[in-house]
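Please examine the sequence and the three-dimensional structure shown below. The report that follows them is written for a reader who is new to protein models.

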Amino acid sequence: RWRCRPRASSGGPVMWTLLLGTAWGAPMAFVGATLHPVDGPVIENGVLVVEDGKVLSVGLEVPAAAQTVDVSGKHIIPGLVDTHSHIGGARLNDDLSPTQPGLSAIDAFDPTHDSVARARAGGITTVNVMPGSGKLMGGQTAYLKLRSAVVVDDLILCTDPAPPFSTGPGPRRRTGICGGMKMANGTNPQGPGHDPKSRMGAAWLQREALGKGQDHFRKLKAGGGPDVPQPDQDALAQLVSGQRTVHFHTHRADDIATIAALQREFELDVVLHHVSEAWKVGDLIADAELPCSLIALDAPGGKQEALQVALENGAILEDKGVLVAFHTDDPITDSRLFLRSAGLAVRAGMSPAGALEALTLAPARMMRLDRRLGSLSAGKDADFVVLSGPPLSSWTQVEQTWVEGTLVFDRSTPEGARLATGGRPGMNVVGLDGRTPSGAVQ
């Protein structure tokens with residue numbers, strides 16, 4: 001962990017050097033920056049006070065007991081929340097069954113992988129790491145706080161206590177539900193073997209799986225469930241009971257309509273992902289109250305069903321009152337450039353306030369973590385980013401990233417500069433499609 005230690009000064013705010021390996025406990029006041037709380041008005045020359053990993057206050061006053069850090073001229077925003085990422089160095093597609101709800105991305109995540117550090121260099125403090133979209137139900141996602149750690153259990157964010165009718169506690173932090181469920185439609189999950197060959201086959205198989213979940217949930221509710229956990233059936237029961245959120249990969253307007261039908265039939269808690277043709281069915285999305293996590297691409301192409309993606313999706317959905325977030329889909333877009341997603345949406349008509357919320361508070365709501373994350377509010381986790389300039393400026397750089405009051409990225413250090421400005425190291429890292437950057441299949 002990082003600690004801030006005072007350095008001799010001639011007066012005014014105390015200047016600090018940053019030391020790796022220790023933690024601090026005294027209240028810290030970051031003074032002089034423009035604060036963007038997201039859930040409140042912007043504060044010029046504000047004061048952000050953090051203590052014991054939490055935000056103590058946001059305003060204009062420095063508590064008498066606090067030690068100050070001069071961040072004059074900087075901008076401070078909440079830590080960015082990425083609702084759809086594939087960082088962590090894992091293969092996240094598997095071919096066990098068209099629907100494989102018992103799989104979990106937690107079991108494939110490496111906290112020491114360089115992609116995790118690069119995400120912190122982009123100001124990202126919380127991620128939803130997803131299985132790939134090669135299956136109708138690819139497995140459970142992982143809600144992770146990007147603390148500095150070597151064991152994935154030290155990153156996991158779970159509901160606590162375990163919700164009703166869940167299968168009980170797991171090891172260490174896994175005392176509840178620790179992510180959502182990745183589902184997909186369109187062309188990606190169509191394939192050989194038992195995979196569907198058409199959209200109608202895909203919807204049928206998804207209905208069949210969710211129906212099994214309803215049956216299992218009724219048994220659990222009545223106290224007649226099995227004595228031992230059943231990973232697939234338990235996860236399906238959590239879906240149909242609303243305990244676990246469905247993160248649904250989709251692109252075309254007709255596929256979005258199919259998801260809306262599934263949501264009505266099974267009363268699912270659904271977040272739409274990608275939603276390339278949202279502009280065609282904005283009213284349907286708004287009427288169904290389906291949150292949308294969008295990807296902002298400056299060079300669309302590569303997938304026929306996404307050819308009609310529009311940067312205007314954010315503005316159109318915002319205008320209709322839809323909850324909108326952005327995601328990286330890293331490595332599809334670089335986590336270090338996540339702020340650019342909001343900037344592109346503003347260029348296409350979205351409000352600056354809505355775009356910043358779409359990187360912070362809105363995704364936290366989609367992951368049911370907004371009581372802890374997403375805004376600079378007293379009592380929330382002290383996850384924040386120090387920027388060199390306004391959040392949506394193309395000239396702005398992420399200078400520091402803090403997670404729960406601990407500095408996890410500092411651009412001024414040699415390692416921080418490497419992470420922020422260097423190429424993508426580890427050229428032997430295997431991508432989601434099983435290929436290395438050289439194109440060799442692994």
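**Basis and confidence**

This is a predicted model, in which local features need pLDDT of at least 70, side-chain atom pairs count only at pLDDT 80 or more, and totals for chains, interfaces and linings use all residues. Residues are numbered from 1 along each chain as its sequence is written, and side-chain values use heavy atoms, with hydrogens and water left out.

The term pLDDT denotes the predictor's confidence in each residue, from 0 to 100. The protein has an average pLDDT of 88, and 86% of the residues score at least 70. Over residues 1-23, however, the pLDDT is below 50, and this stretch has 51 contacts beyond near neighbours in sequence. A contact means heavy atoms within 4.5 Å. Where pLDDT is low, the predicted coordinates should not be read in detail.

**The disulfide**

A disulfide is a covalent bond between the sulfur atoms of two cysteines; here the term is applied to a pair of cysteine sulfur atoms within 2.5 Å. How many disulfides does a search of the whole structure find? The search finds one. Its partners are Cys158 and Cys178, whose sulfur atoms are 2.0 Å apart. Because the torsion about the S-S bond of Cys158 and Cys178 is about 95 degrees, the disulfide is right-handed. Both Cys158 and Cys178 lie in the loop between β11 (142-145) and β12 (181-184), so the pair ties together parts that are 20 residues apart in sequence. Helices (H or I, at least four residues) and strands (E, at least two) are DSSP runs, numbered from the N terminus.

**Burial**

A residue is called buried under 20% relative accessible area, exposed over 50%, and partly exposed in between (1.4 Å probe, protein chains only).

| Residue | Relative accessible area | Class |
|---|---|---|
| Cys158 | 21% | partly exposed |
| Cys178 | 8% | buried |
| Cys292 | 0% | buried |
| Asp329 | 9% | buried |
| Thr406 | 10% | buried |

Thr406 belongs to strand β19 (residues 406-410). The C-alpha atoms of Thr406 and Ala382 are separated by 8.3 Å, the two residues being 24 residues apart along the chain.

**Backbone geometry**

Most residues other than glycine have a negative phi, and most peptide bonds are trans. Asp329, in the loop between β16 and α7, has a positive phi of about 55 degrees although it is not a glycine. A cis peptide bond, with omega of about 20 degrees, joins Asp330 and Pro331. Pro331 is placed in the loop between β16 (324-326) and α7 (338-347). Val38 is not a glycine, yet its phi is positive, at about 80 degrees; Val38 lies in the loop between β3 (28-35) and β4 (43-51).

**Helix packing**

Two packed helices are described by the angle between their axes and the distance between the axes. Axes are lines fitted to C-alpha atoms, for helices over the stretch in contact, and angles run from 0 to 180 degrees between N-to-C directions. Helix α2 (residues 199-221) packs against helix α4 (residues 253-266) at an angle of about 20 degrees, with the axes 11 Å apart. Helix α2 is therefore roughly parallel to α4; angles under 35 degrees count as roughly parallel, over 145 as roughly antiparallel, 65 to 115 as roughly perpendicular and the rest as oblique. Residues making the contact include Arg199, Ala203 and Leu210 of α2 and Asp254, Thr258 and Leu262 of α4.
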